[in-house]
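Welcome, and thanks for taking a look at this one with us. Below is a short briefing to read alongside the structure.

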Amino acid sequence: MTTTDITPVDFDEAIDRYDPVLGIEVHVELGTATKMFDGAPNIFAAEPNTAITPTSLGLPGSLPVVNGKAVEYAIRIGLALNCSIAETCRFARKQYFYPDLTKNFQTSQYDEPIAFDGWVDVELEDGEIVRVEIERAHMEEDAGKNTHVGGATGRIHGATHSQVDYNRAGVPLVEIVTKPIPDTKGRAPEVAAAYVRTLRDIFRALDVSEARMERGNVRADVNVSLRTDPSAPLGTRTETKNVNSFRSIERTVRFEISRQAGLLDAGEQIVQETRHFHEDTGGTSSGRPKSDAEDYRYFPEPDLVPVAPSRAWVEEIRAALPELPAARRRRLLGEWGFSDLEMRDVINAGALDLIEQTVAAGASAQSARKWWMGELARVAKDREVEIEALSITPAQVAELQGLVDGKKINDKIAKQVLGKVLDGAGDPAAIVEAEGLAVVSDDSVLTSAVDQAIADNPDVVAKIQGGKVQAIGALIGPIMKATRGQADAGRVREIIMDKLGVS
Amino acid sequence: MLSPDIIRRSAAAQAAALHAGETSSEELTRAHLDRIAAVDDDLNAFLHVSEEEALTAARDVDARRAAGEELHALAGVPIAVKDVVVTKGQPTTAGSKILEGWVPPYDATLVEKLRAAGLPILGKTNMDEFAMGSSTETSAYGPTRNPWDPDRIPGGSGGGSAAAVGAYEAPLAIGTDTGGSIRQPGAVTGTVGVKPTYGSVSRYGLIAMASSLDQAGPVTRTVEDSALLHELIAGHDARDSTSLPDPVGAYAEAARRRDVKGLRIGVIEELEGEGFAPEVRARFTESLDQLERAGAEIVRVSCPNFEYALGAYYLIMPSEASSNLAKFDGMRFGLRVIPEDHPTAENVMKATRGAGFGDEVKRRILLGTYALSAGYYDAYYGSAQKVRTLVQRDFAAAFEQVDVLASPTAPTVAFRLGEKIDDPTAMYMNDIATIPANLAGTPGISLPSGLAEDGLPAGIQFLAPARADERLYQVGGALEALLEDAWGGPLLAKAPELAGGAAR
Amino acid sequence: MPSIGRDDVARLADLARIQLTEEEIARFAGEFDSIMDAVASVSEVASEDVPATSHPISMTNVFREDVVTETLTQEEALAGAPDAQDGRFAVPQILGEE
């Protein structure tokens, strides 16, 4: 029997029998204007092999020079994660051959990271706080991008050759490594995702990265090991590489716990290896075993000099740190007057920034929440995307709400307009204008519609005049239909009551 | 009419002739191109000659001069550049098959400076492959021969630059010195070479061998010419993290001072012993006698840790080189060799590197890979970096007693082609006197001390504290004048005429 | 220090991605012990209390402004490439994932 034949254990059973320990490495691409070691622009989309200098292409003779802004960003991250900032630290060369690596070594930090020994509090969906200890945060450079050609799926297997674009080569990264995260039990998948989400929010608050998961700005390597009980030594871990969404992180942890439990139940050993997560199946598969004794031959990068951030500089950066997400949430909760539950839902939906920006653009907090947590959350769910990935801006939502508040459109039309904005038709006011969706409040138009309705429904008219004022609704329906929903319902009501002489 | 001997003049004298209107840069450049055409088939000092580009640059300088433009002192004087320095639009191979035909899309900083100052670049000079060697025999394009004797090596790795200058193919050349590759070729060809303080000249655009040791510098026939060229190529470069922020010193002024009264010169006891050939030692001693008579004070100093310098060097250099040379893999530039079986990226890299690198490069990459590999780092690379500290301390202690240090540059005169190529350990011994300066980052100069064994030139080396390069030019300029007075002219005048030599 | 045999040379060559012939492996294996013997003396004096020097001239905090500089064009980048396609470097089949 081979290990691949072993059936994964049901997750809850696995948790009953084993104690999972997590370890997470998060890479964040810094949003500097230029790369880590050269002046090539740090941009996401460009023609291949244009955002490069001799240095980012690793041409013979080229040399690196550290981007001071990237160091500042790394220190910001370190401070936000309650780390100590090194008095002096160095870059080192991590040596291995791979076509996306222009020099066949990655310039990274090895035994002297810029930040170390920190922690961050992670809030779970139900409000429970888990403190995650940070081992280190270090600076390094990203690699180029391989496109595999000739295989049926564009994947590496079956490809006949690859094409390499080095635009991403040399983009500054900070890698944040946790200490082993114990005691998460059945919440391990949730803790893993919440931790990465917490970091993502911190990166954005610090303004060090756009931190867009879908662009690979933030990537997580997820380590999972099992042990029989919390007092036992750590088990052998697997490392699932480049898991790029919160949902995938949860699924990875869940799958690995089940898979490893299956192996352990069958008396098998866990192989220390790199694994890959597959979005389609929700499972992981074996990558490269670490058994070929990767010998990275680290040594101090002789083309760079040590980085020794002065204490004055560190304190200056600390003093200028922006409000961090946890503090901001507490503040906004007070400002907006949401209930704890409402606030947690907003945070869990990833809508906090969106609502804040919508409020900043002029909408009330409750109306902003109503849009993002209602209609837009529903659309995001239907389309299986993160809510922030919807093609509508907070300013557009605020504009839409402004139209409602100004009685330009009613709620029903507003939903139609929202759909059009999401489909790329433009800004709400322009759509309303172009498509003639504005509320009809022209009395001459409304009056003739009312007259028609009164003439068509003598029995209803009789009821109203007999004192059943709530029967007015039966007249408003046909009027709204006649005006394609655009009639100002309030004004229609007034006109009817006026005509029928009731009040 | 251009005097045929103009190419034998110093660069400073050629510059003066240009300034005086005695000749034009185009004429001067053409004269050197003619000389190259006449003698280089035999010498093989050049890997590439860029005739058209050099003449275009020369004509441009002539036009600017005619227009009354303010020009650099060396404007219009042609120069040869070691092929380890990248030149936009001109092939750059570093003497290796793996870079055959590669044309860099950018200029090294020092090349930008040469171009901006209006020095026509004659071409690229031969060298040991990736500057790994002391004889220019490891070049993939055949050895360069010594102008004094075609059966002898011109030193290395910069044998091409030294031979080109020594054979009047160029008045000036650029070299690079990682363990002696400027100074040792200077010694065995009767020319002058300077390794500046580490960081004095930008390394941007130098194909790296050992990043913490490499330094570019001038290769010339006179001390003053070296000083002038050093002043031109030195200076802070924001593209090189290890570039010194210091202002450039007044080197030429120091070279012309010719005054050593009260200068304290330390003879390094560890570098004058039995490993040095008798006549090389004799010329060294005579040179010191001249300086003493001129008022210098000669002191003996001990640098006990120099004994370990060669070992430290042959750990640090291969370690850094093994890493620096990893980029030559057949993926982005240069040679790609596709094996018949399983032509995967990994196998193509292996085949390319197997076919593209010569023996010495492979040897050093393997040694460096070994020294950095898990379990050996502390014993080898780590220990070597500590020896580096000890060597620096020896220098610091010595420079408390003296202003400059002196030793013979190389243990022997030029040996015969093939004599040591199969004995790496013997070959490595050539660098025994030059290596300490690279480990410590201190500057050094080599200039001719006279003719030694077999009537071949020997060199004397002076070393100064880091950032005190002026002292080298001061003592070098003074000794050169004293010796030339004694010899009745430059040592190179004693070199045999080369077959096909147009000038006399 | 341990002796460097043929297997060691073959392993190093693999790590350094250099294809060697059997003859080369044998020759390098024959040389390396004497070379390493010659350099091993460094450990005699490299005691605990001696700090390591990685740069000849000590400097710290050499930083670049975060300002875009001149870049290569795609044509310049690919001009020296052994093979190129669609504006990208074409490289042989890559086996195994990262």
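## Cysteines, a covered strand and an interface

Cys83(A) is buried, its relative accessible area being 8%. Please keep in mind that this is a predicted model.

**Cysteines**

- Cys303(B) also counts as buried, at 0% relative accessibility.
- How many disulfides are there over all chains? The count comes to 0.
- Cys83(A) is in no disulfide, and the nearest cysteine sulfur belongs to Cys89(A), 12 Å away.
- A disulfide needs two cysteine sulfur atoms within 2.5 Å, whereas the sulfur nearest to Cys83(A) lies 12 Å off.

**Strand E10 of chain A**

- Is strand E10(A), residues 172-178, mostly covered or mostly uncovered? Strand E10(A) is mostly covered, with 7 of its 7 residues buried.
- Pro172(A), Val174(A), Ile176(A) and Thr178(A) point one way from E10(A).
- Leu173(A), Glu175(A) and Val177(A) point the other way, and the residues on both sides are all buried.
- Which strands pair with E10(A)? One is E1(A), residues 19-29, which pairs with E10(A) in the antiparallel sense over 5 bridges.
- Within E10(A), Val174(A) has Val28(A) standing opposite.
- Strand E7(A), residues 129-141, also runs antiparallel to E10(A), and 7 bridges join the two.
- Ile134(A) has Thr178(A) of E10(A) as its bridge partner.

**Where chain C meets chain B**

- On the chain C side 55 residues are in contact, and they meet 64 residues of chain B.
- About 5000 Å² is buried between the two chains, and carbon and sulfur atoms give 68% of that area.
- Which three residues supply more than any other three of the area that chain C buries against chain B? They are Arg17(C), Pro56(C) and Ile57(C), which supply 13%.

**Polar and charged pairs across that interface**

- The interface of chain C and chain B has 15 residue pairs in polar contact, counting pairs with both residues at pLDDT 80 or more.
- There are 5 salt bridges across the interface of chain C and chain B.
- Lys350(B) and Asp14(C) join their side chains in a salt bridge, at 2.4 Å from N to O.
- On the side of chain C that touches chain B, at least two residues each come from helix H1(C) (6-15), helix H2(C) (22-39), helix H3(C) (42-45) and strand E3(C) (88-92).
- H2(C) gives the largest share of that side, 10 residues.

Conventions:
Residues are numbered from 1 along each chain as its sequence is written. Chains are lettered from A and ligands numbered from 1 in the order in which they are written. This is a predicted model: local features need pLDDT of at least 70, side-chain atom pairs count only at pLDDT 80 or more; totals for chains, interfaces and linings use all residues. Side-chain values use heavy atoms; hydrogens and water are left out. Buried means under 20% relative accessible area, exposed over 50%, partly exposed in between (1.4 Å probe, protein chains only). Helices (H or I, at least four residues) and strands (E, at least two) are DSSP runs, numbered from the N terminus. Two strands pair if DSSP finds at least two bridges between them. Contact means heavy atoms within 4.5 Å. Buried area is the accessible area (1.4 Å probe) that two parts lose on being put together, summed over both. A salt bridge is a side-chain nitrogen of Lys or Arg within 4 Å of a carboxyl oxygen of Asp or Glu. A polar contact is a pair of N or O atoms within 3.5 Å; within protein, one must be able to donate a hydrogen and the other to accept it, and residues adjacent in sequence count only if both atoms are side-chain atoms.
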